[in-house]
Amino acid sequence: LMQAPVLKQWYGKPTWLWVFLPWVPLFWLARLVRRWLLTKQAPRLPVPVVIIGNITVGGTGKTPLIMALANALMARTLKVGVVTRGYGGNFNGTYLRVDNSTDPTLCGDEPALLAQTLSCPICVGRDRVAAAQELVRAGCQVILSDDGLQHYRLARDLELIVLDASRGLGNGWCLPIGPLREGAGRLKEADWVLVNGGSGANSFSLAPRRWRDLATNQAFAFQPWPWGEQTQVCALAGIGNPERFFRSLEDWGLTVTRRALPDHHRFNPMDFAFAEGQPLLITAKDAVKCRMLAPPNTWVLDVEAQLPAAFVEDFCTRVQTLCRSPQEHRP
């Protein structure tokens, strides 16, 4: 379903997808029953759990956001742990602790990137409750869940939903006609809704931080371009919303030959053949998987989430308050 024709329908006007209209009530009922059953039996952890997720299929910029939030909490001396599913990894056990040497093919690209960037425990697993419990045993005082908004077996204290400004809610329909995992009314239940690339008070942006030479990991300033004055470049992205990456490059004055691949794509040497000696630009999420495969003159763009100061203060204050509250007194 994640092929380009379906995405075009999900984030445009559906035509042939109307054939799935009879399935929509079934999907709605299944989601409702599943949520009720899982929420009813979800065990409460002894530390606060914060979900950072979305209600749409596709990337919204959650990973850089989680990095920024984890760092903000750690700056306030809280011990943070991050739990995630580990999509794209082939680990099949209950949970796996991830560090900066863990093979991305085992844990997935996003956990590998988080472990290489953050100085806090990371744990992946299909059973996110078990993974979160492992982080509690490791001494974490607060758990951030990368995605998992619909993983209702994991009881949560706070929810943050992330939207992409350019995609919004797509055509407004739930799966399978549209990209919504849950109805738009779900936004009202969250503690915060942040919009990546928006212009309002509840918006944030992903700002370029630096370039890295993939082969050597040497860091360079964002500008001037570390590969020289050439503005004709190639760009490859196997992320949830590759168009956002490509548009950013073009907004900075680069002429881009694009190649979009599926999210969590497993790279092979042929994926890079289109570059033909030109500078090849990739995302940090893809870089953790293709250092040994990409050609010379490949550059990694590191970004950072720039968040509204008022939101960061509110977020950290509420988490700190929950950390000080006994489990039975948490709302």
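Tutor: Buried means under 20% relative accessible area, exposed over 50%, and partly exposed in between (1.4 Å probe, protein chains only). The model is predicted: local features need pLDDT of at least 70, side-chain atom pairs count only at pLDDT 80 or more, and totals for chains, interfaces and linings use all residues. Residues are numbered from 1 along each chain as its sequence is written, and side-chain values use heavy atoms, with hydrogens and water left out.

Student: Is Phe315 buried or exposed?

Tutor: The relative accessible area of Phe315 is 0%. Phe315 therefore counts as buried.

Student: What angle lies between the planes of Phe311 and Phe315?

Tutor: Rings of Phe, Tyr and Trp (its six-membered ring) pair if their centres lie within 6.5 Å; planes under 30 degrees apart are stacked, over 60 edge-to-face, the rest tilted. By this rule there are 15 aromatic pairs. Phe222 and Trp225 form one of them, edge-to-face at 5.5 Å centre to centre with 85 degrees between the planes. Phe311 and Phe315 form a tilted pair, 5.8 Å centre to centre, and their planes stand at 40 degrees.

Student: Which helix holds Phe311 and Phe315?

Tutor: Phe311 is buried, at 8% relative accessible area. Helices (H or I, at least four residues) and strands (E, at least two) are DSSP runs, numbered from the N terminus. Because Phe311 and Phe315 are 4 residues apart, about one helical turn separates them. The helix, residues 309-324, is α9.

Student: What is the relative accessibility of Trp225?

Tutor: Phe222, the partner of Trp225 in the edge-to-face pair, counts as buried because its relative accessibility is 15%. Trp225 is also counted as buried, and its value is 13%.

Student: Which residues do ring pairs link into a cluster with Phe222 and Trp225?

Tutor: Phe222 and Trp225 pair with each other. Ring pairs also bring other residues into the cluster with these two: Trp211, Phe220, Trp227, Trp252 and Trp299.

Student: How many of the 10 residues of helix α6 are buried?

Tutor: Helix α6 spans residues 128-137 and is mostly covered. Its buried residues are Arg128, Val129, Ala130, Ala131, Ala132, Glu134 and Leu135.

Student: Which strands are included in what covers the buried residues of α6?

Tutor: Cover is judged by contact, with heavy atoms within 4.5 Å. The cover of the buried α6 residues includes β2 (80-84), β3 (96-98), β4 (122-124) and β5 (142-146).

Student: What is the phi of the glycine that follows α6?

Tutor: The residue is Gly139. Its phi is positive, near 95 degrees.
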